[in-house]
Amino acid sequence: MNAIQFKNNLSIKKIEPNNKQDWGMIHELEQDPLVYGKTGYLWYLSSTILDSKYHYLERDDIYNAPFAIYHTDFPIGYLQISPIIKSSLHSSVDLSYAILKRERKNGYMKSVLSDISDYILEDGLVNEINLMIRPENTASQLTAIASGFTGILMSDYDGYDDNYWVYQKKRETPKITLP
């Protein structure tokens, strides 16, 4: 599965090695200090994608893959879905995302986060989706809340040096009724 169509002319497509539009969007995001840099929250996207050697294109699933977010026919942002993280009690994925500066405040990221999280939870392979958001990134926190995520804690998170708000969306567990 290399693409998923959502409502409002939005879709996600796995980033292709020769797609100049995708790479132009990636490089534009890398120039945005809100996204990348001393105060930014994402790693250097292009080198991470190139280092993957595009193995995510060989798999027919959405996990452990970087996507370009498209509005109609143009890439407007980035979405990374982590590999599935399993423990004895639950399984989860982490999402990372960014949207081009000129496309912010249009509701696109809210819509994509809401739709992709519903899609992932309905898939049944995970029961929890996590977003790690820096405390100073209030716009992303508001987007997470508007997309149905709940902030659960602020702490040093798994070896990161900085504090993050962790937002989660969980699959509802079916209620068991006893006979």
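These legends accompany several close-up views of one predicted model. Local features are reported only at pLDDT of at least 70 and side-chain atom pairs only at pLDDT 80 or more, while totals for chains, interfaces and linings use all residues. Residues are numbered from 1 along each chain as its sequence is written, and side-chain values use heavy atoms, with hydrogens and water left out.

View 1. A pocket is an open set of points on a 1 Å grid over the protein atoms alone, where a 1.4 Å probe fits and protein lies on both sides within 12 Å along at least five of seven lines; lining residues have an atom within 4 Å of a point. Of the 17 lining residues, I99, R104, K105, A139 and T143 are the closest to the centre. Strand β6 and helices α3 (108-123) and α4 (138-146) each give two or more residues to the lining. Helices (H or I, at least four residues) and strands (E, at least two) are DSSP runs, numbered from the N terminus. By class, the lining has eight nonpolar, five polar and four charged residues; Ala, Val, Leu, Ile, Met, Phe, Trp, Tyr, Cys and Pro count as nonpolar, Asp, Glu, Lys and Arg as charged, and the others, Gly among them, as polar.

**View 2. Salt bridge between R104 and D32.** The closest N and O atoms of this pair are 2.4 Å apart; a salt bridge needs a side-chain nitrogen of Lys or Arg within 4 Å of a carboxyl oxygen of Asp or Glu. R104 sits in the loop between β6 and α3, and D32 in the loop between α1 (20-30) and α2 (45-51), 72 residues apart. R104 is partly exposed at 23% relative accessibility, whereas D32 is buried at 10%. For these labels, buried is under 20% relative accessible area, exposed is over 50%, and partly exposed is in between (1.4 Å probe, protein chains only).

**View 3. Salt bridge between K7 and D115.** Here the N to O distance is 2.7 Å. K7 belongs to the loop between β1 (3-5) and β2 (10-14) and D115 to helix α3, so the contact ties together parts 108 residues apart in sequence. D115 is buried, at 11% relative accessibility.

View 4. D94 lies in strand β6 (residues 91-99). Its nearest side chain of opposite charge, K170, is 12 Å away, with Lys and Arg counted as positive, Asp and Glu as negative, and His and the chain ends not counted. What D94 does have is a side-chain polar contact of 3.4 Å with N130. A polar contact is a pair of N or O atoms within 3.5 Å; within protein, one must be able to donate a hydrogen and the other to accept it, and residues adjacent in sequence count only if both atoms are side-chain atoms. K170 is exposed at 52% and forms a salt bridge with E128 (3.8 Å, N to O).

View 5. Most residues other than glycine have a negative phi. K53 has a positive phi of about 55° and lies in the loop between α2 and β3 (65-71). T72, in the loop between β3 and β4, also has a positive phi, near 55°.
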